[in-house]
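Please look over the two chains shown below before reading on. The report that follows takes up some local details and then the contact between the chains.

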Amino acid sequence: MFNAWLQILKRDLLIAFRRRSEIIHPLIFFVMVISLFPLAIGDDKVLLQKIAPAIIWVTALLATMLSLDNLFRSDFEDGSLEQMNLLKIPLSLIVTAKITAHWLITGLPLILITPLLAVLLYMTADTTTMLLLTLLLGTPTLSLIGAVGIALTVALRQGGVILSLLILPLYIPVLIFATLALQNTAQGFSAEAQLAMMLAILVLAITLAPFAIAAALKVSLN
Amino acid sequence: MNIKRLYHQFASPPYFYRISGLWLPYIMGLFVLLFAAGLYGGLVTAPTDYEQGEAYRIIFVHVPAAWMSLFIYMVMAISGAIGLIWRMKLAEIVSISSAPIGASFTFLALATGSIWGKPMWNTWWVWDARLTSELLLLFLYLGVMALYNAIEDKRTAARAVAILALVGVVNIPVIHYSVEWWNTLHQGPTVTKFDKPSIHLSMLIPLLIMAVAFKLYYIGSLFMRVRTEIIVREQKSKWVKDLAEES
């Protein structure tokens, strides 16, 4: 069973590396949107420093959502998703392999490029470290929750707008805890409680989301 | 009569259509009576609040509406789950027909809260925990309705919506507590402390009457929506054609 899981992970990674633009486009989106804020606000160092975590987090939220669009779409269109549904291993397990692959090719680069953006927004070293930690704990949750929305809308022709209506409200706890942790760090307090909550939400998402995603995919395949 | 038979009878759309048609006038009649009694009790006989003056009287609409907003979401999710598990058509219809009513109550709770906030907090809106979670509940309702409208096949749509509603149910406590932690200005609950409620009996009784009236209104309007949806879905079946010929 673990072998099959690895096979699917490998397959998805391979497909992604053959179509590199799909990895790069969400990253470019991420960088461009963030650089819009200083242009709109003006080069106000104090203000930018204060709102930088919020800017980066909201943009990460949107970039994750946009990048998710292709998570199941191509497999759905060429019928391989139907074949995966017929496999002996449960669909909920297959889905975790696909999401892991997807996070490795979209979530991880996003985190890696963040220190650069933090410098652009005058963030201090402490808050940058905390930002990376929250992103590390938060983006997998975003991928898992977003995958539920994607699974529900994959059969629709215009799923994009509806997807944002479905999953943005569900993203809010992650956003709140992440930005709270960053505020605490900026004011010199401990952010352990918020990080623990984010980890708890991640564990909850890993436990429950795959079943919801599999059920939703089965409805969409119908 | 055993319970299983009763369950199957209620699950049958023609039976439900007939029975709900018989009940509907009584439900709506009782609603009008209780609504009038609750309004009279709340607006006329209940005493003026020593802190908030007359402005507090909006509580008799605001609090029942807020209760209904959560209650209907639970009904929507549970009936959705029943529809998903046992493929019961009627439960699917109940689930999806609840969404617009729940969204309306949520909107009502937000609007009355905003009107109440102006004299009390001197602002129409604050990013307070309870207001924010109510707003997010409205977004969840809108998402459910958007998804249902987007999927062509209505039976598939009902199942997709049920999954979304269930995911939402898991998320509601998480959202609620995260927002609570984030910011709190709203006054604490006054009614749920049943051992020693911090609300006087002369205000509590009209409030509870209004809450029951709102529940009845929900049942009544739900029945109307479900009956319409049944007719639309079963328009090709014989009993609907017979019904059309009768009238």
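This is a predicted model: local features need pLDDT of at least 70, side-chain atom pairs count only at pLDDT 80 or more; totals for chains, interfaces and linings use all residues.

Chain A has a mean pLDDT of 90, with 100% of its residues reaching 70 or more. Helix α4 (residues 70–77) is where confidence in chain A is lowest, at a mean of 87, whereas helix α7 (residues 125–153) of chain A has the highest, at 93.

## Leu62 of chain A

Leu62(A) belongs to helix α3 (residues 45–68) of chain A. Because its relative accessibility is 31%, Leu62(A) counts as partly exposed, the cut-offs being under 20% for buried and over 50% for exposed. In sequence Leu62(A) and Phe30(A) are 32 residues apart, and in space their C-alpha atoms are 8.3 Å apart.

## Overall build of chain B

Chain B has eight helices and zero strands, and its elements, taken from the N terminus on, run α-α-α-α-α-α-α-α. The C-alpha trace of chain B spans about 60 × 40 × 35 Å along its principal axes. Of the 247 residues in chain B, 47% are buried, and among the contacts in this chain with a separation of 6 or more, 77% come from residues 24 or more positions apart.

## Arg57 of chain B

Arg57(B) is found in the loop between α2 (13–45) and α3 (59–86) of chain B. With a relative accessible area of 11%, Arg57(B) is buried, because this value is under the 20% cut-off. The side chain of Arg57(B) reaches the backbone oxygen of Gly42(B) at 2.6 Å. Once neighbours within four places in sequence are left aside, the residues in contact with Arg57(B) are Gly42(B), Leu43(B), Val44(B), Ala46(B), Pro47(B) and Thr48(B).

## The interface of chains A and B

At the interface, 23 residues of chain B are in contact with 25 residues of chain A. The area buried between the two chains is about 2100 Å², and carbon and sulfur atoms give 86% of that area. On the side of chain B, the residues that lose the most area to chain A are Ile163(B), Ser178(B) and Trp181(B), which together make up 24% of what that side buries.

Which kinds of polar pairing does the rule find across this interface? It finds zero residue pairs in polar contact where both residues are at pLDDT 80 or more, and the search for salt bridges between chain B and chain A likewise gives zero. The elements of chain B that give two or more residues to the side touching chain A are α5 (129–150) and α6 (154–182), with α6(B) giving the most, 15 residues. By class, this side of chain B has 17 nonpolar, five polar and one charged residues.

How values were computed. Residues are numbered from 1 along each chain as its sequence is written. Chains are lettered from A and ligands numbered from 1 in the order in which they are written. Side-chain values use heavy atoms; hydrogens and water are left out. Contact means heavy atoms within 4.5 Å. Buried area is the accessible area (1.4 Å probe) that two parts lose on being put together, summed over both. A salt bridge is a side-chain nitrogen of Lys or Arg within 4 Å of a carboxyl oxygen of Asp or Glu. A polar contact is a pair of N or O atoms within 3.5 Å; within protein, one must be able to donate a hydrogen and the other to accept it, and residues adjacent in sequence count only if both atoms are side-chain atoms. Helices (H or I, at least four residues) and strands (E, at least two) are DSSP runs, numbered from the N terminus. Ala, Val, Leu, Ile, Met, Phe, Trp, Tyr, Cys and Pro count as nonpolar, Asp, Glu, Lys and Arg as charged, and the others, Gly among them, as polar. pLDDT is the predictor's confidence in each residue, from 0 to 100. Buried means under 20% relative accessible area, exposed over 50%, partly exposed in between (1.4 Å probe, protein chains only).
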